[in-house]
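The following exercises ask for a reading of one protein model.

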Amino acid sequence: MDNQQGKTTEVLLAWIAGFMDGEGTFVLAHHSQRAYPYPQVSVNNTHFPTLPWFTNALDRLGLPYYVVPLKPGYLGKDGFRRKPQWAIQMFGYKRCERWCRALVPYLVTRREQAELMLEYINSRMSRNPAKGGRWRDDVGLTPREAEIADRLYGGHRRPGNPRSKPSQTTRRT
């Protein structure tokens, strides 16, 4: 008899990966209280009937997530009113690593981002063991980590845009 559980898992992972290809992001975010960028995976959408289906699929797969309520109909920077939307986000090395490992085989357009994030996570975690169960933020970036951070920077920095600021990451080796 076929393994129905395995097929269901593959279908769910493929569906989530397809959704992430179109609507998701794999970025390294900067926070004022952190010295170095940290991984963030997120997906936003305006179709509310999709949210319970998406969260149910994540629950069945055992993938961690946060549902983030966004302002309904907020006014964008361009002056246009936005549709209400939902967001699912993950922060942190271990949570984002689980997402990337599960989705990379099924991703198409976001595969490179997820693979770069995995490389960054693996490099940081191998050089920065937790101290007392807490992440140490005093280990500098290697040149490769800094390169990945610049490529996955979540500040909407676009290569070749003279107005965009490069990563303000301090590089210590």
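**Exercise 1. Contacts and composition**

Task: Determine what percentage of the contacts between residues at least 6 apart in sequence join residues at least 24 apart.

Solution. With contact taken as heavy atoms within 4.5 Å, 63% of the contacts in the protein between residues at least 6 apart join residues at least 24 apart. The model is a predicted one, in which local features need pLDDT of at least 70 and side-chain atom pairs count only at pLDDT 80 or more, while totals for chains, interfaces and linings use all residues. Residues are numbered from 1 along each chain as its sequence is written, and side-chain values use heavy atoms, with hydrogens and water left out.

Next, the secondary structure comprises five helices and four strands, where helices (H or I, at least four residues) and strands (E, at least two) are DSSP runs numbered from the N terminus. Their order along the sequence is α-β-β-α-β-β-α-α-α.

Finally, 39% of the 173 residues are buried; buried means under 20% relative accessible area, exposed over 50%, and partly exposed in between (1.4 Å probe, protein chains only).

**Exercise 2. Strand pairing**

Task: State which strands pair with strand 2 and in what sense.

Solution. Two strands pair if DSSP finds at least two bridges between them. Strand 1 (residues 24-29) pairs with strand 2 in the antiparallel sense over six bridges, and G24 stands opposite V43 of strand 2. Strand 4 (residues 86-91) also pairs with strand 2 in the antiparallel sense, over six bridges; here Q89 is the bridge partner of S42. As to burial, seven of the eight residues of strand 2 (residues 38-45) are buried, so this strand is largely enclosed by the rest of the structure.

**Exercise 3. The buried face of helix 2**

Task: Identify the buried residues of helix 2 and explain why they line one face.

Solution. Helix 2 (residues 50-61) has twelve residues and reaches 17 Å from its first C-alpha to its last, close to the 16 Å expected at 1.5 Å a residue. That expected span is 1.5 Å times one less than the number of residues. The buried residues of helix 2 are T50, L51, F54, T55, A57, L58 and L61. Seen down the axis of helix 2, these residues fall within an arc of 155 degrees and therefore line one face; the arc is that of the directions from the helix axis to the C-beta atoms. After helix 2 comes G62, with a positive phi near 75 degrees.

**Exercise 4. Salt bridges**

Task: Count the salt bridges in the whole structure, then decide whether R124 is buried or exposed.

Solution. A salt bridge is a side-chain nitrogen of Lys or Arg within 4 Å of a carboxyl oxygen of Asp or Glu. The whole structure contains five salt bridges.

- E112 and R151 meet at 2.3 Å, N to O. E112 lies in helix 4 (residues 111-127) and R151 in helix 5 (residues 143-151), 39 residues apart. E112 is partly exposed at 48% relative accessible area, as is R151 at 45%.
- R124 and E145 meet at 3.4 Å, N to O. R124 in helix 4 and E145 in helix 5 are 21 residues apart. R124 is buried at 0% relative accessibility, and E145 is buried at 1%.
- R144 and E147 have their closest N and O atoms 2.9 Å apart. Both lie in helix 5, three residues apart, about one turn of the helix. Salt bridges that share partners join E119, R144 and E147 into one network.
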